[in-house]
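The sequence and the structure come first, then the details.

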Amino acid sequence: MKANSSTLIKLLVLLCLSVLSVSQDFDFFYFVQQWPGSYCDTMTSCCYPTTGKPAADFGIHGLWPNYNDGTYPKNCDASSPYDPKKVADLRSGMQKNWPTLACPSGTGVAFWTHEWEKHGTCSESILDQHGYFQAALDLKKQVNLLQALTNAGINPDGGSYSLSSIKSAIQEAVGFTPWIECNTDTSRNSQLYQIYLCVDTSGKNVIDCPVFPRGKCDSEIEFPSF
């Protein structure tokens, strides 16, 4: 009887450790939003989705699980493919807020498939497929980057703005410092391309970034129209 009890306790301990390990399989998310004007101005190919030209607003690029050392997991569960049925009620919101401009653009399904299977599966111990896409949509609405910038007089009009003013405007609105990624157009202008914010493992709360990606923008960058 004692031997059986001892074995049971050991199994319970191992089970608890296993659950803890699964729940800590990444440290935070990068929530990445992309400015379409910069993408279409600097990429060799830019195609509108079948739903038409997206609104002149930041679009979601992804919600990416990361580790505190700057590395990241990917393609974590081949047995969990993207399933459109699981996000059917989110489809219109995804088409509006998570469009793809890569050619061929299509309906967006190829893009969403890539994002779920490469990144989303690495957070499925916390967010299932529906929860993953819902979290990204909620975060976009919560941070409202375009409004944060325009409220500070930073407009997508092709003008140049200081990198520090862009960061300050977002920090003032969101409460946390973003990381800015730039593209370079054919005239060698540095352009506002993507904005990274860090989010806790629940996918709900913006946090201070444990680490920023590598890369550098000029001190003055263009905010192109779209």
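## Cys 198 and Cys 209

Cys 198 has a relative accessible area of 1% and is buried (under 20% relative accessible area; exposed is over 50% and partly exposed in between, with a 1.4 Å probe and protein chains only). Cys 209 is buried too, at 17%. The two form a disulfide with sulfur atoms 2.1 Å apart, where a disulfide means a pair of cysteine sulfur atoms within 2.5 Å. Cys 198 lies in strand β5 (residues 190–199) and Cys 209 in the loop between β6 (206–207) and β7 (220–222), so the link ties together parts 11 residues apart in sequence. Helices (H or I, at least four residues) and strands (E, at least two) are DSSP runs, numbered from the N terminus.

## Basis of the model

The model is predicted: local features need pLDDT of at least 70, side-chain atom pairs count only at pLDDT 80 or more, and totals for chains, interfaces and linings use all residues. Residues are numbered from 1 along each chain as its sequence is written, and side-chain values use heavy atoms, leaving out hydrogens and water.

## Cys 76 and Cys 122

A disulfide also joins Cys 76 to Cys 122, with the sulfur atoms 2.0 Å apart. The pair links distant parts of the chain, 46 residues apart: Cys 76 is in the loop between β2 and α3, and Cys 122 in the loop between α4 and α5 (129–143). Cys 76 is partly exposed at 42%, whereas Cys 122 is buried at 2%.

## Overall pattern

The count comes to five disulfides. With bonded cysteines counted along the chain, their pattern is 1-2, 3-5, 4-6, 7-10, 8-9.
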